[in-house]
Structure formats: structure tokens, C-alpha cells
Amino acid sequence: MQDYEDLLALHIPSGSRFESAPGSWPWDGGHPWLRGSGRWDGHGPLILYRPGDAYTVWARWDGPERAFAGWYVNFQEPFRRTAHGYDTQDLELAVVVSVAGPWEWKDVEKFERAVRDGWFTPEQGVEVRAEGDRIARELDAGRHWWSDDWSRWAPDPAWPAPS
């Protein structure tokens, strides 16, 4: 982890314990990246947080050669520092920025259902969509604030997965 005044860079190592509160994923019975294991599966992402932003940017890798797969813009509440680290709430909507092609929305239907079912307020729904549309305009214009250098970042192989 790197904790700068204007950026928190966090890596989730493969095999790290990863949990969601019971009942927090009503539409599929659990977090999709856990596959029932309670541990992070696959290459661990590098997650870039900026204070005050209502989204994070994830660098993702695939395959045994750990090829850069692209960026994942995850909409969530701005992080709050706590005695144990930080807290945030996933707001379900995301944008996938693939290396191989243009960006695309992810989980629009789940997000809309969450708003409809009261998991998020109508005001949150409007705010998240507005932020998503703003990010989409930036991506359409070929702009993003994060450095492409992060796509070449790799964890130290000696780092153990936290228990």
C-alpha cells in the first residue's frame, strides 16, 4: 500500500481474506469475485483511491503471464479513514476500460434494481449516474487522471497474502 496525500494505492493479493456483510449481495448470493471461497481469486488488483472521489480505478491483469487487461472504474462512496484502515460502500455501477477495445458500462441493470429496491436512495441513483456520465465523457475524450504507468506495476513476489 502507498498512502499519499492525494492518492491511496492499495493492492489486494491473490488469496487474501475478503468478505461482505451477510445479505449484502441480494441478487446473486455473494460477491462474484469470491466464488464462495472467502478469499480473493485470481490476480489481485491494484486499486487507486483519490480522497473525495465517488469511484476508484482498478488496474487488472489476466492469465498466467499477468497481462494487463485494462482499467475498472468502480463507483462507490468516497473512502472514510477508520482506526482499522478505511471504509466505503460499493454503489454497484462500474465502467470497464478494456485494453482491446472501447470502454463499456458494467452492472447497469443491477444498479438500477438496487435503486428501485431501496438499497440506494433515488438521490444516490441520480448522483452516481451523473458521476458515471462525467467519467464516460472524459473517457470518450481520451482523458483520465491516472497514470498508465500503474498498468506495469507488480507486487513483490515475497509479499504474503494477509491472513
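Among contacts in the protein chain between residues at least 6 apart in sequence, 51% join residues at least 24 apart. The structure described here is a predicted model. Of the 163 residues of the protein chain, 36% count as buried. The secondary structure comprises two helices and nine strands, and the order of these elements along the sequence is β-β-β-β-β-β-β-β-β-α-α.

The packing of the two helices was examined next. Two packed helices are described by the angle between their axes and the distance between the axes. For helix H1 (residues 108-116) and helix H2 (residues 122-140), the angle is about 155 degrees and the axes lie 9 Å apart. Angles over 145 degrees count as roughly antiparallel, and H1 and H2 are therefore roughly antiparallel to each other. On the H1 side, the contact is formed by Val 108, Phe 111, Glu 112 and Val 115; on the H2 side, Pro 122, Gly 125, Val 128 and Arg 129 take part. By residue class, the contact of H1 with H2 consists of five nonpolar residues, one polar residue and two charged residues.

Charged side chains also form salt bridges, of which the count comes to seven. One of these joins the side chains of Arg 81 and Asp 3, with an N to O distance of 2.9 Å. Arg 81 belongs to strand S6 (residues 80-82) and Asp 3 to strand S1 (residues 2-3), so the pair ties together parts that are 78 residues apart in sequence. With a relative accessible area of 51%, Arg 81 is exposed, whereas Asp 3 is partly exposed at 42%.

Another salt bridge is found between the side chains of Arg 50 and Asp 53, at 2.7 Å from N to O. Here Arg 50 is partly exposed, with a relative accessible area of 26%, while Asp 53 has a relative accessibility of 14% and counts as buried; the cut-off for a buried residue is under 20%. The side chains of Glu 138 and Arg 143 likewise meet in a salt bridge, with an N to O distance of 3.0 Å. Glu 138 is partly exposed, its relative accessible area being 28%, and Arg 143 is also partly exposed, at 44% relative accessibility.

Asn 74 lies in strand S5 and counts as buried, with a relative accessibility of 4%. The side chain of Asn 74 makes a polar contact with the side chain of Gln 76 at 2.6 Å. When neighbours within four places in sequence are left aside, the residues in contact with Asn 74 are Ala 54, Tyr 55, Thr 56, Trp 58, Asp 90, Leu 93 and Ala 94. Ser 151, in turn, is located in the segment after H2. This serine is buried, with a relative accessibility of 13%. The side chain of Ser 151 reaches the backbone oxygen of Asp 148 at 2.6 Å. Residues up to four places away in sequence not being counted, Ser 151 touches Trp 61, Phe 68 and Trp 71.

Backbone geometry was considered at two loop positions. Arg 66 is placed in the loop between strand S4 (55-62) and strand S5 (67-76). The phi angle of Arg 66 is near 55 degrees, a positive value in a residue other than glycine. Arg 66 is partly exposed, with a relative accessible area of 23%. A positive phi in a residue other than glycine is also found at Asp 107, where the value is near 65 degrees. Asp 107 lies in the loop between strand S9 (103-106) and H1. With a relative accessible area of 16%, Asp 107 is buried.

Notes: Residues are numbered from 1 along each chain as its sequence is written. This is a predicted model: local features need pLDDT of at least 70, side-chain atom pairs count only at pLDDT 80 or more; totals for chains, interfaces and linings use all residues. Side-chain values use heavy atoms; hydrogens and water are left out. Axes are lines fitted to C-alpha atoms, for helices over the stretch in contact, and angles run from 0 to 180 degrees between N-to-C directions. Helices (H or I, at least four residues) and strands (E, at least two) are DSSP runs, numbered from the N terminus. Angles under 35 degrees count as roughly parallel, over 145 as roughly antiparallel, 65 to 115 as roughly perpendicular and the rest as oblique. Contact means heavy atoms within 4.5 Å. Ala, Val, Leu, Ile, Met, Phe, Trp, Tyr, Cys and Pro count as nonpolar, Asp, Glu, Lys and Arg as charged, and the others, Gly among them, as polar. A salt bridge is a side-chain nitrogen of Lys or Arg within 4 Å of a carboxyl oxygen of Asp or Glu. Buried means under 20% relative accessible area, exposed over 50%, partly exposed in between (1.4 Å probe, protein chains only). A polar contact is a pair of N or O atoms within 3.5 Å; within protein, one must be able to donate a hydrogen and the other to accept it, and residues adjacent in sequence count only if both atoms are side-chain atoms.
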